[in-house]
Amino acid sequence: MRAKDSRKMTSIARRINRHHVADLFWTLVFVNITILAILLTVWCYTAEKGTLGHQWIPNLLRSIEWTQNKSFSDTLPTVYYIFSLPQGEAYRVYAGTQLMVLYRASFFIAILEGLTLVFRWRKGKGQTMNLLSPLHKMSETAEQLSRAGFDEQKYHDLEDAIEAISASAPDAKLSTGDSDLLGLENAVNNLLTRMHENYRHQIRFVSDASHELRTPISVIRGYAEMLDRWGKDDKKILEEGITAIRIETDNMQQLVEQLLFLARGDAGRHQPQLQAIDLSKLVHELYDEYAMIDQNHHWRIQTEASVSADADPAQLKQAARILCDNALKYSGTDSVITLRSFVNEHDEPCFSVQDSGVGISSADIPHIFERFYRADPARNRNSGGTGLGLSIAKLIIDRHKGYFKVISLEGVGTRMVVCLPKKIKPKDTLIPETLMTEADKSDKHSES
Ligand code: ATP
Ligand code: MG
């Protein structure tokens, strides 16, 4: 703040504060006079009733009497209150004692009120300065803008520079070469960079999607031609062709469904309908499902008694199935796949899927959640993968404000952990307790 501005601010604040203190002073004067009047009235009333000894009479003749002395404090002890019935006897009640008490008490009250006013004066200035600071900032900014001398030519330069930006050019940038417009230029350029980034993503997504769809279409066409030539007579070729076409159409259907899911997710749909669920229950359901449909692996389960989370059960199961599908797809026959639910060290509810399969190289780990990314495209194509599974799972977990943790070693296996935000709930209501079958317990002991 410049010295001149600071002085201006201080003087405005002082004026406002003076106003406040003056208001407070007159309020105190009014309150004091009112209290004094009430006290005197009550005293007179009590004196009249005490002396006359019956009902209070409003139309008495009332006056006061005192002896003139040099000072006010010497006069007060000589005061008498006099009252009488219209044609009756006059009564004199001594008022000096009470008036002296009031006089002395008023000294203390005046000192206290004086101190309050001083305190208010000193503190009020700082408070007013604080209250005025946003106004000051506004006036400073307005002054800066007017000092900037934003002439008409600058508007035209800016207009020309914006018109010169090509929407499709990837490195399009707004540049006027004017230092006054630098802030505005940076904001526009950041926006352009984000727009181009999105544009590139969209283009890549569409081209990857068409590429993925082209392969099954070519396969189907190849088999259709083969059937046309030889399939009518050769039953073996007919069956082979029909099976291949069915597999490819299944792949295509899965791909189209995945693409639709992602497109809807990008459009902001699929908002999870959160409800309180138990992750251990979800993991048990998955275990039952996979142990039944997949006889080629040994499915294991380790769950804590209750792992409460707020989640959309259908969506969370969809994400968990993607991880289970990967675990069984990328691990050899007879290997062990373990499903877990637990509360981690940050009190977050988590579940994990662990396999002892091919693993993911450290170079691939940062990319596996990208759309259409496959660590080994040739191998994955054979296994029917499109590279969209994990991006869908991530979309779901992101929507739940959760996160993934990937631990993987090539040739050893992969552990995919999903953690959700911790529930706002007293910690002691979660009683971790491991429920395992005997086989699982022995597995766990051998692990440790
Ligand atoms: P799909 O869309 O059918 O799921 P996908 O399995 O190839 O296809 P993602 O599930 O997104 O695609 O996985 C991306 C890549 O990450 C996989 O291609 C694979 O290379 C690697 N990957 C994922 N999970 C595992 C795992 N458990 N073990 C080894 N590699 C994995
Ligand atoms: Mg997958």
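Two strands pair if DSSP finds at least two bridges between them. Keep that in mind for the sheet. One caution before we go in: this is a predicted model.

Let's start with that sheet. It is open, has 3 strands, and runs in the order β1-β2-β3 with antiparallel pairing. Which strands sit at the edges? They are β1, residues 61–65, and β3, residues 90–94, and each pairs on one side only. From one strand to the next, the twist averages 20°.

Now look at β2, residues 80–84. Strand β2 is joined to β3 by 5 bridges, and the two run antiparallel. Find S84 on your screen. Opposite S84 stands A90, in β3. In general, strands of a sheet pair through backbone hydrogen bonds, either parallel or antiparallel.

Partner one is α7. Helix α7 covers residues 279–293, and α8 covers residues 313–329. They pack at about 45°, with axes 11 Å apart. Angles under 35 degrees would count as roughly parallel, and 65 to 115 as roughly perpendicular. So α7 and α8 are oblique to each other. Their crossing is right-handed. Who makes the contact? From α7, we have L279, L282, E285, L286, E289 and Y290. From α8, we have P313, L316, K317, A320, R321, C324, D325 and L328. By class, this contact has 9 nonpolar residues, 5 charged and no polar.

Partner two is α10, residues 389–399. Helices α8 and α10 pack at about 150°, with their axes 9 Å apart. Angles over 145 degrees count as roughly antiparallel, so that is what α8 is to α10. This crossing is left-handed. On the α8 side, the contact uses Q315, L316, Q318, A319, I322, L323 and N326. On the α10 side, it uses G389, L390, I392, A393, I396 and I397. How do the residues of the contact of α8 with α10 divide by class? There are 9 nonpolar, 4 polar and no charged residues. Note L316: it is listed in the contact with α7 and in the contact with α10.

Last item, the cysteines. How many disulfides does the structure hold? It holds 1. The disulfide joins C350 to C419, with S to S at 2.3 Å. The angle about the S-S bond is 105°, and the link is right-handed. The pair connects distant parts of the chain, 69 residues apart. C350 lies in strand β8, residues 349–355, and C419 lies in strand β10, residues 413–419.

That's the tour. Over to you.

Technical notes. Residues numbered from 1 in each chain as written. Chains lettered and ligands numbered in written order. Predicted model: local features only at pLDDT ≥ 70, side-chain atom pairs only at ≥ 80, totals over all residues. Heavy atoms only, no water. Axes fitted to C-alpha atoms, helices over the stretch in contact; angles between N-to-C directions. Helix = DSSP H or I, 4+ residues; strand = E, 2+ residues; numbered from the N terminus. Left-handed = near helix turned anticlockwise from the far one by under 90°. Contact = heavy atoms within 4.5 Å. Nonpolar A, V, L, I, M, F, W, Y, C, P; charged D, E, K, R; others polar. Disulfide = S-S within 2.5 Å.
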